[in-house]
Amino acid sequence: MTTGPVPGSASEAFREKFRRILSGISQVILGQDAVVEELLVAALARGHALVEGVPGLGKTRLVRAFAEATDLTFARIQFTPDLMPADVTGTTVFVEGRQGFEFQPGPVFTNVLLADEINRATPKSQSALLEAMQERAVTVAGTRHALPDPFMVLATQNPLEMEGTYPLPEAQLDRFMFKILVKRPDEATLRRILVVTTGSDEGSVERVFEREELLTLQRMLRAVPIADAALDYIVRLVEATHQHPYVRLGASPRGAQAITLAAKGFALAAGRPNVELEDIRRAVLPSLRHRLMLTFEAEVEGADTDAVLQEVLSGLEKKR
C-alpha cells in the first residue's frame, strides 16, 4: 500500500456527502449525472476541468450550481479575442489618495473560476491562467500573489464553432485534470427540462458543503490507499497509449496522476475504502481524452481519442 487507510466510517461519510451534492446539482442539471459526478471528483481531487459541449446544454449553469452547493466564491470571465492578461490576474494601479501603487486583484482571485469559451481568447490571455492553475498563485509586476484555497478553474469550450478561436496548446490542456463531455439530452430528459425550467421557479441548489468541510474531503481523498498492482496497471495503461498506431503523442505523467487521483475519488464516491480496477477504468476517459495527439491516419479513419482509449483498455484486458 502506498498511503494510509481511510476508516470505514469516514469513507461512508464521504459517500453520503457526495450523494447529497450529486442529488442537489442533478435537480437543476437534468440527465447529466455522469457529468456532475466527474465534476465533483475533479473538485475533490483539487483538479481543474475543461467542460466541452455545444451551446444550450447548461454548461455555465452546471458550474454555477457547483459553486452554490459548496459555499465557494464564484467568478466568471467571458473569454473574447480582446481580453487582456490583466483582465484575468489583476493589475497594479496608482491610488491618488495614498500617493502610491496598489494591486487590484482580478477575477482569478476566487474559489471557483468559470473561464467561459476559453478558446476564444488569444494564447497570451489563455497563458495568464497557466501559473494560476499550476501554482495556485499569480505574479503581477514581480510580486507573487497566492490565490484562495480551494481554487478550481472550470473552463468551457464549444467543439463546433472553431472559426475565430485559438485551440488550447498541449501544455495548457495538460493542466486540466478532466475533459468532461456534455452530451445532448434524450427526448424524455428534454421534456423534464422544459417542465422544470419554464415554470415560475427555476429551482435552486441546497448548500451541502462548507468551505472547510470541502478541504477536509479533499485531504481524505488523497489518503485513500491504492495497491501496488493498481499502480502497475496505471503505468502499463499510460505506456500503452504511446504504442497505439493511431497515437502521435501519448499520455503524460500528469495524466497518470490524474487517473490515480480520480480513481481514489470514484472509489470513495462508491463507498469503497480502497481503489479497485473498475475505479481506474472509470477514470481513464475523462483523464486522458484531451492528452492524446492522434495521427493523420486516425483523423482520416474518423477515430477519436475515446475510441483509441477503449482499444487500449481492451488490449490490457486481453493480456491479464
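Biologist: How many bridges pair strand E1 (residues 49-52) with E9?

Modeller: Heads-up, this is a predicted model: local features need pLDDT of at least 70, side-chain atom pairs count only at pLDDT 80 or more, and totals for chains, interfaces and linings use all residues. Residues are numbered from 1 along each chain as its sequence is written, and side-chain values use heavy atoms, with hydrogens and water left out. Strands (E, at least two residues) and helices (H or I, at least four) are DSSP runs numbered from the N terminus, and two strands pair if DSSP finds at least two bridges between them. E1 and E9 pair in the parallel sense, and their bridge count is 4.

Biologist: Which residue of E9 is the bridge partner of Ala49?

Modeller: Start from Ala49 and follow its bridge into E9. The partner there is Phe178.

Biologist: What is the average twist from one strand to the next?

Modeller: The open sheet has 5 strands in the order E2-E5-E8-E1-E9, with parallel pairing. From one strand to the next, the twist averages 20 degrees.

Biologist: What angle does helix H2 (residues 33-44) make with E9?

Modeller: H2 packs on the sheet and touches E1, E8 (152-157) and E9, where contact means heavy atoms within 4.5 Å. Axes are lines fitted to C-alpha atoms, for helices over the stretch in contact, and angles run from 0 to 180 degrees between N-to-C directions. For H2 against E9 that gives about 165 degrees.

Biologist: And H2 with H10: at what angle do their axes cross?

Modeller: Those axes come within 9 Å. Glu37, Glu38 and Val41 of H2 make the contact with Ala262, Gly265 and Phe266 of H10. The axes cross at roughly 115 degrees.

Biologist: How far apart are the end C-alpha atoms of H10?

Modeller: The expected span of a helix is 1.5 Å times one less than its number of residues. H10 has 17 residues, so it should span 24 Å, and the model agrees: the ends are apart by 24 Å.

Biologist: How many residues of H10 are buried?

Modeller: Buried means under 20% relative accessible area, exposed over 50%, and partly exposed in between (1.4 Å probe, protein chains only). H10 is mostly covered. Of its 17 residues, the buried ones number 14.

Biologist: Which residue in the turn between E3 and E4 has a positive phi?

Modeller: E3 (residues 90-95) and E4 (residues 100-105) run antiparallel, joined by 6 bridges, with Thr92 opposite Phe103. The hairpin leaves 4 residues between the strands, and the one with a positive phi, about 55 degrees, is Gln99.

Biologist: Which residue does that in the hairpin of E6 and E7?

Modeller: There, 4 bridges join E6 (residues 137-140) to E7 (residues 143-146), also antiparallel. Between the strands sit 2 residues, and the positive phi, near 55 degrees, belongs to Ala141.
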